Amino acid sequence: MARNLRIRVDHNVCVGNAMCETFAPNVFRLNDDRQSEAIDPAGDSEEKILEAAENCPVSAITVEDADTGEQLFP
Amino acid sequence: MGIALQDDMFTPEVIADPYAYYGRLRDQDPVHWNEKYEFWVVTRHDDLVWLTRHHELFSSAVFKNDPRPPYPAIDESDLGLYDYVRNYQGDQFIQHDRPDHLDMRKVVHGYFTPKSLEEWRPFVRKAVKHLLDAVEEKGRMDVMRDLATPLPVLVIAAMMGVPEADRPYIRQLAEKLLYIGRGEYDRMKPLTEGMKGMIEYVSPLVDERIANPGDDFISVLASGEKQGAFTRHQVLVNTSLLLLAGHETTINLLCNGTLSFIQHPDQWAKLKKDPEGAAKLATEECLRYDSPVKSIQRIATQDVEMRGKTLKKDDRVRWFISSANRDPDMFRNPDSFDITRWPNQHVAFGSGIHHCLGATLARVEGQEVFKALAERFPGFRVENEALEYQPSITFRSLKSLPVHWQ
């Protein structure tokens, strides 16, 4: 059973590089300003989500276990 | 239009102080048609962000998709050389649009993530220490020659697994490649010499890594050929590109940043109080305040409306980082150098899908250099007040930065 994730994208730093969308296309979507938003934290596997976070060139993405608050990335 | 703005961007005044000139454009005519060189000049921060994030409207294939002769004009007998330049530049991954750009970027992207580059920090720190050890006793250095150039060349050469003895030769070729952003009538000769020299230099290295892949960055590029993302010529051109881009812009960050600290003793004092703690935000402010890259070009893929102007399909569009990073609508006191500024949404690395691949590497090198300078030196004085910049509209490059301390 996959755990529940809380995903945040810091819009003070997101530059719309869109790599997150490439790695986890069902979780991340660019908004009208072309900045990333986590639209569905369960859209892709945890592995894909962490890969997306790691490939963010400006470290804008944080991922936590929604139930325990444990930080999974960075 | 009736706006009295002169359109020559290569005058000594504009090269010396781009901020006054582009600031005037930003205030008076933020989407400006430059009559002299026939391209649009975009200078506001919000417009630059919008433009770079709408990559479907503005193509990065600025050589392939542009049939016009180069600007400023070149010697007519050099048009054959220009074809070589177009073909060479056109194979750089940064000069591609989606979907090809994404396939190409994916080959190299993972090597440059913040997490993987953190592993290079100790190497960078040690290299900075060695370079500063060599000059500390002397009481003076040329920041460009003794620190800002050797450091990034050393780092990118180590990443690429390039022999140590070749570094001066790489730098020599790189200096020829920098003619790309300049205005000299006869610039095609040194430029193509640099390009041909690079291809010749990297060819045997690439052959070797294709036969025996390692964990170096040339092997990563070469793997792109096996995946079908790159042709062999593209592997060669992109290896050359990353050798160049991996250091040239960082040289400017290190020199321009050091100069900003010299010109703002209060901010230097702030950095000295807590070098480790302050270096991160300070580096961002150096990137904003006197950005390594001044401007980049796109080609409109269709008619686009911007601020009441119509940019026609195929028009050249140049966006100016140097003015966007001083936009008062984005930054409070934009002309102040404030190393605690946060948030600092500068666009020194561009924005959108083409956001600089090497941004984190430049950041790590900047942070380590500014920290080490503040830890080791009381302060610097410039030897010669008349600092000169390269006559480029692309790069904000000092010719040298001789300083002393004591």
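Mentor: The contact between the two chains draws on 12 residues of chain A and 15 residues of chain B; two residues are in contact if their C-beta atoms, placed from the backbone, lie within 7 Å. On the side of chain A that touches chain B there are four nonpolar, six polar and two charged residues. Here Ala, Val, Leu, Ile, Met, Phe, Trp, Tyr, Cys and Pro count as nonpolar, Asp, Glu, Lys and Arg as charged, and the others, Gly among them, as polar.

This is a predicted model, in which local features need pLDDT of at least 70 and side-chain atom pairs count only at pLDDT 80 or more, while totals for chains, interfaces and linings use all residues. Residues are numbered from 1 along each chain as its sequence is written, and chains are lettered from A and ligands numbered from 1 in the order in which they are written.

Take the sheet of chain A next. Three strands, in the order S1-S4-S5, form an open antiparallel sheet in chain A. Helices (H or I, at least four residues) and strands (E, at least two) are DSSP runs, numbered from the N terminus, and two strands pair if DSSP finds at least two bridges between them. Strand S1 (5-9) and strand S5 (71-73) of chain A are the edge strands, each pairing on one side only. From one strand to the next, the twist averages 25°. Five bridges link S1(A) to strand S4 (residues 61-65) of chain A in the antiparallel sense, and Ile7(A) has Val63(A) of S4(A) opposite. Helix H2 (residues 46-54) of chain A packs on this sheet and touches S1, S4 and S5 of chain A, its direction making about 150° with that of S4(A). Axes are lines fitted to C-alpha atoms, for helices over the stretch in contact, and angles run from 0 to 180 degrees between N-to-C directions.

Chain B has an open sheet of five strands in the order S1-S2-S8-S5-S3, with mixed pairing. Its edge strands are strand S1 (31-34) and strand S3 (58-59) of chain B, each of which pairs on one side only. Strand S8 (residues 316-320) of chain B is largely enclosed by the rest of the structure, because four of its five residues are buried. A residue is buried if 20 or more other C-beta atoms lie within 10 Å of its own, exposed if 12 or fewer, and partly exposed in between, with C-beta atoms placed from the backbone.

S8(B) has partners of both senses. With strand S2 (residues 39-42) of chain B, S8(B) pairs in the parallel sense over three bridges. Along that pairing, Val41(B) stands opposite Arg318(B), and Val42(B) has Trp319(B) as its bridge partner. With strand S5 (residues 295-300) of chain B, S8(B) runs antiparallel and is joined by five bridges; here Arg298(B) faces Val317(B) of S8(B).

Elsewhere in chain B, helix H9 (residues 150-160) packs against helix H10 (residues 167-177) at an angle of about 110°, with the axes 11 Å apart. H9(B) and H10(B) are therefore roughly perpendicular to each other: angles under 35 degrees count as roughly parallel, over 145 as roughly antiparallel, 65 to 115 as roughly perpendicular and the rest as oblique. H9(B) contributes Val153(B), Leu154(B) and Ala157(B) to the contact, and H10(B) contributes Arg167(B), Ile170(B) and Arg171(B). By class, these are four nonpolar, no polar and two charged residues.
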